[in-house]
Every structure is written in C-alpha cells, then in structure tokens.
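Please look over the model shown below. The report that goes with it covers strands, helices and a few single residues.

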Amino acid sequence: MHDVEAQIEAIEKAALIRPMPELGTVEVRGADRLSWLAGMVTQHVAELKPGEGRYALHVTKTGRLVAELWVAVLEDRVLLGLDHERRDEIVGVMDRFLIMEDAELTVPSEPHGWWLAHGPAAEAVVAAARAHGAAAVLGSLGDLPTAIIAAPNEHVHNVGEALTQVDGSLLATPEGWERIRVERMLPRLGVDFDVDCYPQEASLEKLAVSFDKGCYIGQEAVFMLEKRGHVNKRLVRLVASDGAGIEPGQDVTTADGEKVGAVTSVARAGATTWALATVRYKQAANGTALLVGSGGQAVTVSSP
C-alpha cells in the first residue's frame with residue numbers, strides 16, 4: 001500500500017489510477033451520435049475524435065444537474081460512464097430528447113469495469129489499456145490530463161494489472177484520493193453536492209462546462225447564471241493553519257456567529273487543513289475570513 005505522499009507524486013509526475021466501480025455504461029450509436037450528444041451535455045463533444053473524451057454534465061432545461069458523465073469517443077460508438085445505480089433513470093431522461101436523430105442509447109449486455117488515471121502519464125495509460133482489450137481515451141479533469149478507460153468484464157483483470165505497470169503510476173487509495181481531491185477542489189457527487197443543484201453551486205463550471213459551445217439542454221440558464229447573475233450558495237475551499245478539530249458537517253459562520261454554510265469534506269496535510277464547504281455567495285470570495293465549528297476555528301476561503 002503506497003502512502004499519500006507517493007500518490008501525490010504519482011499524480012504530479014506519472015499517473016494516479018482510480019477504479020470507478022460506481023460507474024455504469026451506456027452506449028450511443030448512430031451517425032448523429034456526437035451531434036445529438038452535444039445537445040445533451042455541457043461540454044464540447046461534437047468535434048471530438050475517436051480516442052478523445054470529456055467530463056461533462058447533463059442538466060435540466062432550468063440548468064439543474066441531472067448527471068455527471070464521462071464521455072469516451074470510439075470509432076463506432078460513444079461510451080458514457082455514469083452513476084450505475086441511476087443509469088436506467090438517466091437513460092430514460094436523455095432518451096426523451098431523441099426524436100429524429102440517427103442515434104440510439106443502449107445499455108450493453110456485458111458490464112464494464114471503469115478506471116480514471118490522472119497525471120502527465122495518462123496517454124501512456126491509455127496505450128496500456130488498449131493493448132489489453134479496453135476502450136481507452138484521453139481527456140482531462142481541470143488541469144489534470146486524464147485517461148478514461150472502460151473494459152468489458154472478460155478483460156477487467158488484465159487491464160487492471162496493466163495500468164499499474166506504466167512507469168511511475170500508482171493505484172489510488174480512498175485516503176490518498178480524498179486528500180488530493182480536497183486540496184485540488186474536485187467536488188464529489190453525493191458528498192459535496194447533489195443532483196438538482198446548479199453547476200455553479202458545486203463550482204463545476206470550471207471542470208465540466210463550456211461557455212462557448214453550441215446549444216444544449218439548459219444552456220440558457222447555466223449561461224445566464226455565469227454571465228448575468230450568480231447562485232445563492234457556492235462550494236468553496238477553506239484553509240486553516242491549525243484545523244485539527246474541523247470535520248464534515250460542522251457549521252461555517254461569520255465572526256458575528258451567523259451561520260453561512262457547512263463543511264462537506266476535510267483533508268489534512270501536516271499542520272494545514274483543507275476543507276470544502278458550501279457557503280452563501282456573499283462569503284464565497286477568496287480571502288474571506290470565516291469560522292468553523294462550535295469552537296470557532298479560523299479558516300480562510302482559498303479556492304483555485
């Protein structure tokens with residue numbers, strides 16, 4: 001088992017590999033698959049070439065989150081990695097927007113194993129995955145090059161072994177990824193945000209939204225929030241030089257004791273504590289001084 005510092009080095013210099021058992025698979029086939037999908041998601045996908053991928057969102061007409069999607073473009077189809085437990089529900093929602101297009105959503109009969117690999121060696125991970133029977137494409141998560149990998153069950157074992165053979169790559173542990181994602185402000189669905197929120201509430205617009213792409217379901221609402229308004233609350237990153245007592249669920253308050261939010265995730269690195277918290281928009285600006293918990297632990301908003 002590799003320690004957290006080794007995993008941080010891997011993501012900075014090679015690749016950190018994350019098994020994603022929570023992802024289920026949906027295929028999009030047909031000549032119009034990319035143009036149709038472009039109208040469904042918040043990211044540029046229409047011009048993606050086989051071997052390329054994106055992290056994207058599907059939102060309602062009013063701009064509220066329906067699902068996260070990992071998009072992998074292949075020669076003859078597009079694979080979508082999405083919440084396995086809600087897969088049928090999400091497919092049902094998206095299928096309603098298939099009208100005259102030559103496109104079809106299907107759930108493969110054979111399950112897939114999914115991985116993400118973040119870091120400068122992501123392209124090498126893609127090559128290793130393909131060599132062992134997986135569908136693998138190159139995308140990104142923020143500024144992290146990211147391999148998006150899906151392998152049919154028959155290849156899962158061999159693919160999993162092959163990924164860790166890439167020079168310098170390591171398998172992420174839950175503890176290691178938790179620290180990395182909090183420090184880098186990579187929100188987690190079901191922990192830092194939930195479906196039915198606006199992308200800007202979860203600070204996902206920097207990771208999963210393009211503001212210069214063509215039309216998609218919910219575009220007007222998402223665009224107007226970004227350019228002509230703001231959400232009432234927002235996920236931010238907090239930092240404390242001595243935050244040993246900070247825990248998820250604690251209240252975030254002003255110096256006057258007014259509650260303005262709550263902590264959702266915490267990670268500690270030596271004497272420094274990082275936390276993610278949803279706070280009122282007025283308190284979301286970088287440099288804002290706040291307090292956490294009944295003891296009034298001093299924190300500062302320090303979002304990327």
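The sections below take the sheets in turn, then the helices, then selected residues.

## Basis

This is a predicted model: local features need pLDDT of at least 70, side-chain atom pairs count only at pLDDT 80 or more, and totals for chains, interfaces and linings use all residues. Residues are numbered from 1 along each chain as its sequence is written, and side-chain values use heavy atoms, with hydrogens and water left out.

Helices (H or I, at least four residues) and strands (E, at least two) are DSSP runs, numbered from the N terminus. Two strands pair if DSSP finds at least two bridges between them. Buried means under 20% relative accessible area, exposed over 50%, and partly exposed in between (1.4 Å probe, protein chains only). Contact means heavy atoms within 4.5 Å.

## The open sheet

Five strands form an open sheet in the order β3-β4-β5-β2-β6, with antiparallel pairing. Strands β3 and β6 (104-106) stand at the edges with a single partner strand each, so one side of each is left without a neighbour in the sheet. On average, neighbouring strands of this sheet are turned by 30° against each other, direction ignored. Axes are lines fitted to C-alpha atoms, for helices over the stretch in contact, and angles run from 0 to 180 degrees between N-to-C directions.

Inside the sheet, β2 (residues 23-29) and β5 (residues 78-83) pair in the antiparallel sense over six bridges. The bridge partner of G24 is L82 in β5. Helix α3 (residues 87-95) lies across β2, β3, β4 (65-73), β5 and β6. Its angle to β2 is about 25°.

## The closed barrel

Six strands make a closed barrel that runs β11-β14-β13-β12-β15-β16, with antiparallel pairing. Here neighbouring strands are turned by 40° against each other on average, direction ignored.

Strand β14 (residues 272-280) pairs on both sides. With β11 (residues 233-240) there are eight antiparallel bridges. With β13 (residues 259-269) there are eight antiparallel bridges as well. V279 in β14 is the bridge partner of R234, and G261 also stands opposite V279. Seven of the nine residues of β14 are buried, so the strand is largely enclosed by the rest of the structure.

β13 and β14 form a hairpin with two residues between them. G270 in the turn has a positive phi of about 65°. V292 has Q297 in β16 as its bridge partner. Helix α6 lies across β11, β13 and β14, at about 130° to β13.

## Helix α8

Which residues of α8 (residues 219-228) are buried? They are Q219, V222 and L225. They cover an arc of only 145° around the axis, which puts them on the same side of α8. The arc is that of the directions from the helix axis to the C-beta atoms. An α-helix has 3.6 residues a turn, so residues three or four places apart point the same way.

The buried residues of α8 pack against β3 (53-59). On the other side of α8, E220 and R228 are exposed.

## Two buried strand residues

H58 lies in β3. It counts as buried, at 1% relative accessibility. Not counting residues up to four places away in sequence, H58 touches M40, R64, L65, V66, A67, L69, V93 and M94.

V236 lies in β11. It too counts as buried, at 1% relative accessibility. Leaving aside neighbours within four places in sequence, V236 is in contact with M185, A275, L276, A277, V279, A284, V301 and S303. V236 and P120 are 116 residues apart in sequence and 26 Å apart in space, C-alpha to C-alpha.

## Loop residues and a charge over a ring

D196 is in the loop between α6 (174-183) and α7 (205-208). D196 has a positive phi of about 85° although it is not a glycine. It is partly exposed, with a relative accessible area of 48%.

S203 lies in the loop between α6 and α7. Phi of S203 is positive, near 55°, in a residue other than glycine. Buried or exposed? At 9% relative accessibility, S203 counts as buried.

The charged end of K227 sits over the ring of F211, 5.4 Å from its centre. The rule requires NZ of Lys or CZ of Arg within 6 Å of the ring centre and within 35 degrees of the ring normal.
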